[in-house]
Amino acid sequence: MRTTRSSSVAPSTDKDVVSMTQVMDMMRTLQENVVASRSEQKKMHEVLVASQARNEELNRINEELRKALQEREERAAGDRSAPPSPPCSFPMPFSQESMDSVVPANTVAVKASFTGVEDPEAHLTAFPT
């Protein structure tokens with residue numbers, strides 16, 4: 001009695017056959033690609049960590065600036081709501097608003113010179129004006 005078994009392996013042709021050397025080369029190439037990919041991922045992770053640290057620093061600076069601006073606005077609002085200073089008790093040639101204004105630091109005052117030839121009382125009366 002003769003039984004015929006069908007082979008589950010199809011007959012191979014020359015172009016279907018892959019040599020062991022080719023398989024090893026493909027595996028080596030894949031391993032190199034994996035190593036390169038891991039290296040690239042490591043670099044990207046370092047850049048991400050540095051970027052997150054910089055972002056946190058900028059958020060901290062932004063928060064400080066926001067608080068400083070808010071304090072400044074609150075101070076300015078408080079200054080506007082402060083009552084005006086009482087008027088001077090002696091007569092002045094300028095309004096209270098002029099007297100309360102801030103003089104810039106780079107302002108040069110005019111010097112009144114007295115040589116002694118002119119009338120001292122006229123000089124003293126002219127000086128405040």
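## A walk along helix α1 and beyond

Start by colouring the model by confidence: the mean is highest in helix α1, at 91, and lowest in helix α3 (residues 120–126), at 76. The colours show pLDDT, the predictor's confidence in each residue, from 0 to 100. Across the protein the mean pLDDT is 79, and 71% of the residues reach 70 or more. A word of caution for the tour: where pLDDT is low, the predicted coordinates should not be read in detail.

This is a predicted model, in which local features need pLDDT of at least 70 and side-chain atom pairs count only at pLDDT 80 or more, while totals for chains, interfaces and linings use all residues. Residues are numbered from 1 along each chain as its sequence is written, and side-chain values use heavy atoms, with hydrogens and water left out.

**Stop 1: the whole protein.** Switch to a cartoon view. You will find three helices and zero strands, in the order α-α-α along the sequence. Helices (H or I, at least four residues) and strands (E, at least two) are DSSP runs, numbered from the N terminus. How many of the 129 residues count as buried? The share is 1%, where buried means under 20% relative accessible area, exposed over 50%, and partly exposed in between (1.4 Å probe, protein chains only).

**Stop 2: R54 and E57.** Select helix α1 (residues 20–81) and show side chains. The structure holds four salt bridges, each a side-chain nitrogen of Lys or Arg within 4 Å of a carboxyl oxygen of Asp or Glu. One of them joins R54 to E57, at 3.3 Å from N to O. The two residues lie three apart in the helix, so about one helical turn separates them. R54 is partly exposed at 42% relative accessible area, and E57 is partly exposed at 35%.

**Stop 3: R60 and E64.** Next, select R60 and E64, whose closest N and O atoms are 2.8 Å apart in a salt bridge. Here the spacing in helix α1 is four residues, which again means about one helical turn. E64 is partly exposed, at 44% relative accessibility, and R60 is also partly exposed, at 44%.

**Stop 4: E63 and R66.** Move on to E63 and R66, a salt bridge with its closest N and O atoms 2.4 Å apart. These residues are three apart in helix α1, so they too are separated by about one helical turn. E63 is partly exposed at 31%, as is R66 at 43%. In general, side chains of opposite charge can pair when their charged atoms come close.

**Stop 5: a nonpolar patch.** Finally, select V18, M20, V23, M24, M26 and M27, which make a nonpolar surface patch of about 570 Å². Patches are made of residues with over 30% relative accessible area and no salt bridge; like charges are joined within 9 Å, and nonpolar side chains (Val, Leu, Ile, Met, Phe, Trp, Tyr) within 5 Å. Centre the view on V23: this residue sits in helix α1 and is partly exposed, at 30% relative accessibility.

Definitions and conventions:
Areas by Shrake-Rupley, 256 points an atom, 1.4 Å probe, with all protein chains shown as cover.
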